[in-house]
Amino acid sequence: MTEQAETIRTAIITVDDDPGVSRAVARDLRRRYGQRYRIVRAESGADALEALRQMKLRGDLVAAILADYRMPEMNGIEFLERAMDIYPGARRVLLTAYADTGAAIDAINVVDLDHYLLKPWDPPEEKLYPVIDALLDAWLTSDHRPVPETKVVGHRWSARCSEVREFLARNQVPYRWYNSDEPEGQRLLEAAQADGLSLPLVITPAGDPLIEPSDAELASRVGLATTPSKDFYDLIVIGGGPAGLGAAVYGASEGLRTVLLERTATGGQAGQSSRIENYLGFPDGVSGAQLTDRARRQAAKFGAEVLTTREVIALDVCGSARRVRFADGTSIDAHTIILATGVTYRRLAAPGLDGLTGRGVYYGSALTEASACLDQDIYVVGGANSAGQAAVYLARHAKSVTILVRGPSLEQSMSYYLIKQIEEVPNISVRTCTEVIEATGEDHLESLTLRNTATGDTETVDAQMLFLFIGAAPLTDWLDGVVVRDSAGFVVAGPDLSADGERPPGWELDRLPYHLETSVPGVFVAGDARSESAKRVASAVGEGALAVMLVHRYLEKR
Ligand SMILES: Cc1cc2nc3c(=O)[nH]c(=O)nc-3n(C[C@H](O)[C@H](O)[C@H](O)COP(=O)(O)OP(=O)(O)OC[C@H]3O[C@@H](n4cnc5c(N)ncnc54)[C@H](O)[C@@H]3O)c2cc1C
């Protein structure tokens, strides 16, 4: 923000119950400071506190507060005391009559008063401005950065707070985190008049407080699109990972009316990768969030609608139309569909882990939680590339990172380049033949019990953070009975459906399914959700693009 823009978001607030005096103070302040500061006037302590709360929620700054001493209901000292809870850094001035100077002097200690001004202050050039000039100079030298972006106030070990942070981060919504136990967090709770029991409190850039918002509410309030603009499209893409984004970019750029539906945030698994080193064209690697954010913007630029927090729960065939249904009972139709729903992390079934998920136990959220690992001894479970990348990334913040691997070595499951990287990071150690069999903790993770799979020996270690990357499964149960899936739930497509030359069950067309076409004509699958797929970013993107080509072929030859 430029200095000019910053100061205009900065207010001087004045409160006096006598409307005439209130107007006169505001007029004098405006005359000298109106170019640089917003002058806010109130006629009661309650109104002024409300104005301060609103400004706090919007992230505005308050440089100085001038309050009349003799006000009914709440006198100036009581008001300033409460105002300090919201804006502790604002300079405080009490306006008093001569008879009240005793009270004003007492207030110097009670509310750490910066100055008291005797009324009347005419001429202001002599009695008012020199005082305010000095106070503003003092205020300007202190730290008073504004926070115009989304603010999240929450508890470090709350599962929902962790989910909300992850949701905002994955949607590239800039936010600032405040611990509810810390003074600024308390001030924001006070400004929102929230009790602090229901967390997180999310404050939008416009200053609206949302208590424990759902993902959908959050999405709509921080400017993410959630509602389709049409009820019929050429192409519906389900899933916003690399395959879905690839399909949306190619679909929209080739003139198809395209909508992409994503149940949480775009990016998919790739969005959680700290560094993708094997994607074509990025010799120095690229963070998954950067890559997928660019893809999302590219899809939008070509005119694709990209909707978040829209989980598809059913797929119906309605004559030549394909219909997807949402949990709220609404639906949209299209000529064609590309399933790009990828895979989701498997849960580890050890006692204690479920209750501590989001409270020190995280499935794949290494990026969001990295800063909380500062100087901690942390554990990463998994032997594949995702675990290796997370360990390397977290090691930059943590005191130590221990990778727990069930098997006897990393060689069978992790890329060679990553094993070499891990060997070169001094604060990473690898424990092979080790599994987590229990997690304990009151309101957050405190210890883990580890078992040596070779000897059966167990050991309990202190642990505050555990990150799990233990493989993934497709979430395709909602497609049961609609498209053919393999025994693990992956969607079967193309030649795999007709390996023996037979048509898939229910297939009525003369031709066999196209390469990425499922057992329902016009419904295609791309990326990790496809049976026998490569499980790589590049192949997911490639399949998204190829699926669009097949969509064109389907539309031409229907
Ligand atoms: C930490 C990590 C690091 C990785 N590193 C690399 C790497 O370096 N190089 C590499 O090539 N690969 C890497 N991979 C693998 C790569 O990310 C995946 O192969 C790729 O993301 C698959 O893309 P996809 O679009 O098929 O599926 P996903 O990325 O899984 O995306 C699927 C999306 O669909 C959404 N979705 C699911 N069901 C629904 C529904 N019913 N309605 C709406 N939306 C739905 C999900 O929320 C998700 O966003 C990594 C994976 C992880 C987890």
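This is a predicted model: local features need pLDDT of at least 70, side-chain atom pairs count only at pLDDT 80 or more; totals for chains, interfaces and linings use all residues.
Let's start with the helices. Two packed helices are described by the angle between their axes and the distance between the axes. Here the pair is α2, covering residues 19-33, and α7, covering residues 129-140; their axes come within 11 Å and cross at roughly 60°. An angle of 65 to 115 degrees would count as roughly perpendicular, and α2 and α7 are therefore oblique to each other. Their crossing is right-handed.

Who does the touching? On the α2 side, the contact uses Asp28, Leu29, Arg31, Arg32 and Tyr33, while α7 brings in Tyr129, Ile132, Asp133 and Leu136. Sorted by class, that makes 5 nonpolar and 4 charged residues, with no polar ones.

## A three-stranded sheet

Next up is an open sheet of 3 strands, in the order β21-β22-β23, with antiparallel pairing. The edges belong to β21 (434-440) and β23 (458-462); each has a single partner strand, so one side of each is left without a neighbour in the sheet. Going from one strand to the next, the twist averages 30°.

## Cis peptide bonds

Most residues other than glycine have a negative phi, and most peptide bonds are trans. The bond joining Lys119 and Pro120 is cis, though, with omega at about -10°. You'll find Pro120 in the loop between β5 (115-118) and α6 (124-127).

Another cis bond runs from Leu199 to Pro200, where omega is near 10°. Pro200 sits in the loop that lies between α9 (183-191) and β8 (201-203).

## Positive phi without a glycine

The loop between α9 and β8 also holds Gln193. Gln193 isn't a glycine, yet its phi is positive, at about 50°. Is Gln193 buried or exposed? Exposed means over 50% relative accessible area, so Gln193, at 57%, counts as exposed.

Glu212 is also not a glycine and has a positive phi, of about 45°. Look for Glu212 in the loop between β9 (209-211) and α10 (215-221). With a relative accessibility of 46%, Glu212 counts as partly exposed.

Note on methods:
Residues are numbered from 1 along each chain as its sequence is written. Side-chain values use heavy atoms; hydrogens and water are left out. Axes are lines fitted to C-alpha atoms, for helices over the stretch in contact, and angles run from 0 to 180 degrees between N-to-C directions. Helices (H or I, at least four residues) and strands (E, at least two) are DSSP runs, numbered from the N terminus. Angles under 35 degrees count as roughly parallel, over 145 as roughly antiparallel, 65 to 115 as roughly perpendicular and the rest as oblique. A crossing is left-handed if the near helix is turned anticlockwise from the far one by less than a right angle, and right-handed if clockwise. Contact means heavy atoms within 4.5 Å. Ala, Val, Leu, Ile, Met, Phe, Trp, Tyr, Cys and Pro count as nonpolar, Asp, Glu, Lys and Arg as charged, and the others, Gly among them, as polar. Two strands pair if DSSP finds at least two bridges between them. Buried means under 20% relative accessible area, exposed over 50%, partly exposed in between (1.4 Å probe, protein chains only).
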